[in-house]
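Visitor: I'd like to go through this structure with you. Could we begin with the aromatic rings and then move to a helix?

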Amino acid sequence: MVEMTERTGCVVIGGGPAGMVTGLLLARAGVEVTVLEKHADFLRDFRGDTVHPSTLTLLDELGLGEKFHALPHSELTAAGFPEEDGTLMKLADFTRLKVPHPYIAMVPQWDFLDLLAESARKEPTFVQRMETECTGLVREHGRVAGITYRTSAGETGEIRADLVIAADGRWSLARREAGLVPREYDCPFDVWWFRLSRGEGEEGGMLLPKMRDRRFAVPLPRPDFYQVAYLAPKGEDLRKQGIEAFRDNVTQICPEFTDRVHELETMDDVKFLDVRLNLLRKWHVEGLLCLGDAAHAMSPIGGVGINLAVQDAVAAATLLAEPLRRGRPSAADLAKVRSRRLAPTLMVQGLQRLMHRTVVRGVMNGKRNGPPAPMIKAFARFPRLSYFPARLLGLGLRPEHAPAFARRPMEPVQR
C-alpha cells in the first residue's frame, strides 16, 4: 500500500554520473528535482573510474574543477598496445587534444559522485533521497506521471512529477516498465575486475593492455594500486576454476604481478561484469526519458561510458530546463535529446565494435597477440592518426558544455 504521495518537477532514478549531473544542472536552473539512489552511499568498487577531457572541462565550467583535481587521482595521457618487439603503438594520444586537461583522470567514482552531490545540495530546489529504490512507474491518462518507491526501512510512497528520468543503468527497471527494449550488439567478452598493490616508482601514465595466449588484461594505474580488468570469453565462469587457476592466468599475461598476485585470496576478491553493448531505438515515452546506460550500455573499451552518460545529462538539462520551468515537457521536447546525442553515441559504439572484431576477438580466438598488422603499420607510419581515437574517446563527436544557467565561478579548495 502506498503511504505517501509527493510532488516535484522532475524525479531522477539513479544516483550515478548521469543522474547526479542531471540533478545538479536542473537544480541550478531552478527546477524542482529529486534524485533517488537505492544505496546508502556511493561506495561501490569497480564502477567506471575514468573521467575524460570533456568531463574535466565541464567540471571547470561548473566551478568544480579545483575541487575535483584536489581528489586523489592519477592521469593517463595515452592508450595503446605493446608490440612484439617491445615498442609501443599509441592508439590514442590525448596530449594532441587542444583542451585544458589533455588526459584521462582516474578517480574513484564515489569521490566524483560525492563532489556532484555536495554541490547539488547547495541548490534550494534539489532533493537527494538515499536508500530509496524505484519500484515502478505511475501512469495517468496514457503518460508516465511519476514513480513508486520503497525505502530501506520498508516505507513506500509515490512521487508525482512532470518528468521522470531513468538513469538507473543497463538493467533499468524504469526502461523495462516503460516497454522500451534495446537492440543488443555482439560482445565477445566479460570482465573480471580486481585490484593489486602498486609499488612506489612504478610507471603509469599510459594505458597498456596485455595480450598473450588467448588472454587479455588491462592494468589501470591508480595512485597506490592497480585496478585490473581481466577479459574472458563471454559466458566463461572463472569462479569454477578457482583462485589458483585465476592467479596463474594473471601471472602468465602480467608476469610483473607475480610478486603480488597472492593478494587475491579468494574469488570473492574478483568482481564480475556482464559486458553489454546496446542501444534503444527510442529513448522516451511520454513523461519518461532514458539517459546513460539505460539508453545505451557501453563496452568498457575506452572507458568512455561515464563520459557519454555525463554528456547525455548535460544535453537533457540544456534542452529540458525551460520546458520543465513551464510545466510538462512534450514528447517532442524529449525526442530532441536523442536527436542531439544519437550520432556521438553511434560513433563511439562503432569504434568499440571495431575493436571487438579486430583486436579482442582475434586475441581470444588465439589468432594473434595484439592488433592486426595493418593497424600497427598504419599507426607506426602515421603517428598523427592517434589524434582521431583520442578525439572520439576523449571529447566525443559533439562535446557538451555547461549551459549558462549552470555555470559558476571556480569554488576554492578548503585547506
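**Aromatic pairs and a helix**

Guide: In this predicted model, Phe246 has a relative accessible area of 2%, so Phe246 is buried.

Visitor: And Phe194, buried or exposed?

Guide: Phe194 counts as buried, because its relative accessibility is 0%.

Visitor: How many aromatic pairs are there in the whole structure?

Guide: A search finds six. One of them joins Phe194 and Phe246 edge-to-face, with 5.5 Å centre to centre and 85° between the planes. Phe194 is in strand β13 (residues 189-197) and Phe246 in helix α6 (residues 242-253), so the pair ties together parts 52 residues apart in sequence.

Visitor: Which residues form the aromatic cluster?

Guide: Phe194, Tyr230 and Phe246.

Visitor: What about Tyr226 and Phe257?

Guide: Their ring centres are 5.2 Å apart with the planes at 55°, so that pair is tilted. Tyr226 belongs to strand β17 (residues 225-233), while Phe257 is in the loop between α6 and β18 (271-273), 31 residues apart. Both Tyr226 and Phe257 are buried.

Visitor: Which charged end sits over the ring of Tyr226?

Guide: That of Arg198, 5.7 Å from the ring centre. Elsewhere, Arg129 lies over the face of Tyr149, 4.9 Å from the ring centre.

Visitor: Now the helix. Which residues make up α1?

Guide: Helix α1 covers residues 17-28 and reaches 16 Å from first C-alpha to last, close to the 16 Å expected. Of its 12 residues, 12 are buried.

Visitor: What do they pack against?

Guide: Their partners include β1 (5-13), β2 (33-37) and α7 (305-326).

Visitor: What comes just after α1?

Guide: Gly30, with a positive phi of about 90°.

Technical notes: Residues are numbered from 1 along each chain as its sequence is written. This is a predicted model: local features need pLDDT of at least 70, side-chain atom pairs count only at pLDDT 80 or more; totals for chains, interfaces and linings use all residues. Side-chain values use heavy atoms; hydrogens and water are left out. Helices (H or I, at least four residues) and strands (E, at least two) are DSSP runs, numbered from the N terminus. The expected span of a helix is 1.5 Å times one less than its number of residues. Buried means under 20% relative accessible area, exposed over 50%, partly exposed in between (1.4 Å probe, protein chains only). Contact means heavy atoms within 4.5 Å. Rings of Phe, Tyr and Trp (its six-membered ring) pair if their centres lie within 6.5 Å; planes under 30 degrees apart count as stacked, over 60 as edge-to-face and the rest as tilted. A charge sits over a ring if NZ of Lys or CZ of Arg is within 6 Å of the ring centre and within 35 degrees of the ring normal.
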